[in-house]
Amino acid sequence: LLLTACGKMDDSSSSSSSGSKPGSGSASGQKDDAWKTGLAIRTETEAGDKSGKIHSIAAAVLLDEDGRIVQVVLDELEGKISTTEAGAVTVAEDLRTKRQKGDEDYPLSAVSSIGKSWAEQADAFGEYLMGMTADEVSRLSTDADGYAKDADLLSGCTIKVDGYREAVEAACAQAQAMGAAEGDSLALGIETTDASTTLQATSDKTAMPQLDVTAAALTVNGSGRVTSAVCDMAEPSLKVDAKGMVSGDGEVKSKHVLGDDYGMRKASALGKEWYEHSDSFAGYLKGKTAEEIEKIPDDGSDADLASMCTIDITDLQKAALRAMDTLRS
């Protein structure tokens, strides 16, 4: 489902594009003879009674020269926390996404009316969008609860799709020409880490459970080499008071969406904002195989990479490798 039945792309046809302003891509449908790769992370925090949730949906898209969807890959994370009346916080240890858990650990098929797993239904939704523009995706009709109305779509996907629709629309809007071409395969990888600074609230200190959600969207040619890449990261957190009451900010923008508002430029030795460092790392991946990506040192000792990217690449590298792994399975 995630692969196109097209010819292979020659390795030499890739061209680098990095350090560009986020959101400068266009999915208007105007032909410019370049395929585009896009990534979006939609993240929200939800507060409940002695509990909370960090919910992220990631969408990777590959658009053709007319701005129409060729491939879509979706994934979703539900990171949960619980608290006590004494202000102690517990973050769920399993931070895998629904796709990473598979049907064995996220057994949707057992309760699905159509007997399909989450990945099968998400892929069916992505297949349904093939050939659409971003505008056509935005007009996809759902009911008040977020479920699709179209009978053809419902035959393969009965889960809520409103959040996936919005993530795909955002990914299309941010898509840029970075070297992808006809015949490439699209992949999405997510790495989630517990970045909580304190998990015990007191009368004068708020607990701050936090998850760092890093995503990488790659296109790979028939030789197993990266032809385009884009990375992004969200840092959603919740607040817990001394009585265990949970609060959150709702929508959390990713670093790429924040752009210059993230405020790293002044502190950067290279005078770069986070998205520029990330784009430089993504550009550095082009032409590499999974084995070569794995060998990139994450301690800053690679002089070529350090000359254009000085942020911690640990999770970016892991997300890229997760993306590459999906094409092997």
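A polar contact is a pair of N or O atoms within 3.5 Å; within protein, one must be able to donate a hydrogen and the other to accept it, and residues adjacent in sequence count only if both atoms are side-chain atoms. Keep that for the first stop.

This is a predicted model, in which local features need pLDDT of at least 70, side-chain atom pairs count only at pLDDT 80 or more, and totals for chains, interfaces and linings use all residues. Residues are numbered from 1 along each chain as its sequence is written, and side-chain values use heavy atoms, with hydrogens and water left out.

**Stop 1: Glu 136**

Select Glu 136, in helix H3 (residues 134-138). Helices (H or I, at least four residues) and strands (E, at least two) are DSSP runs, numbered from the N terminus. Which backbone nitrogen does the side chain of Glu 136 reach? That of Thr 133, at 2.9 Å. Glu 136 counts as partly exposed because its relative accessibility is 28%. The scale is this: buried means under 20% relative accessible area, exposed over 50%, partly exposed in between (1.4 Å probe, protein chains only).

Glu 136 is in contact with both, leaving aside its neighbours within four places in sequence. Contact means heavy atoms within 4.5 Å. Arg 68 is 68 residues from Glu 136 in sequence, yet their C-alpha atoms are 9.5 Å apart.

**Stop 2: the whole chain**

Zoom out and colour by pLDDT, the predictor's confidence in each residue, from 0 to 100. The chain's mean is 91, and 90% of its residues reach 70 or more. Residues 1-31 fall below 50, and this stretch has 78 contacts in the model beyond near neighbours in sequence. Where pLDDT is low, the predicted coordinates should not be read in detail.

Switch to cartoon. The chain has ten helices and ten strands. It has 329 residues, of which 50% count as buried. Take the contacts between residues at least 6 apart in sequence: 67% of them join residues at least 24 apart.

**Stop 3: an aromatic cluster**

Select Trp 118, Phe 125 and Tyr 164, which form one aromatic cluster. Rings of Phe, Tyr and Trp (its six-membered ring) pair if their centres lie within 6.5 Å; planes under 30 degrees apart count as stacked, over 60 as edge-to-face and the rest as tilted. How many aromatic pairs does a search of the whole structure find? Two.

Trp 118 and Tyr 164 are edge-to-face, because their planes stand at 80°, with ring centres 6.2 Å apart. This pair links distant parts of the chain: Trp 118 is in helix H2 (residues 118-129) and Tyr 164 in helix H5 (residues 162-174), 46 residues apart. Trp 118 is buried at 3% relative accessibility. Tyr 164 is buried too, at 4%.

Phe 125 and Tyr 164 make a tilted pair, 6.3 Å centre to centre with 50° between the planes. Phe 125 is in H2 and Tyr 164 in H5, 39 residues apart. Phe 125 is buried, with a relative accessible area of 0%.

**Stop 4: helix H7**

Select residues 274-285, helix H7. Twelve of its twelve residues are buried, so H7 is largely enclosed by the rest of the structure. Its cover includes S6, S7, helix H6 (255-258), H8, helix H9 (303-306) and H10.

Pick Glu 276 in this helix. It is buried at 15% relative accessibility. Its side chain reaches the backbone nitrogen of Glu 273 at 2.7 Å.

Step past the helix to Gly 287, which follows H7 and has a positive phi, near 90°.

**Stop 5: helix H10**

Select residues 314-326, the 13 residues of H10. Its buried residues include Leu 316, Leu 321 and Met 324. What do the buried residues of H10 pack against? Show strands S5 (185-194), S6 (211-220) and S7 (226-234), then helices H7 and H8 (290-294).

**Stop 6: Leu 95**

Finish at Leu 95, in the loop between strand S4 (89-91) and helix H1 (98-105). Leu 95 is buried, with a relative accessible area of 15%. Leaving aside neighbours within four places in sequence, its contacts are Leu 77, Thr 192, Thr 193, Asp 194 and Leu 211. Draw a C-alpha distance from Leu 95 to Thr 192: 6.2 Å in space, across 97 residues of sequence.

Conventions. Expected span 1.5 Å × (residues − 1).
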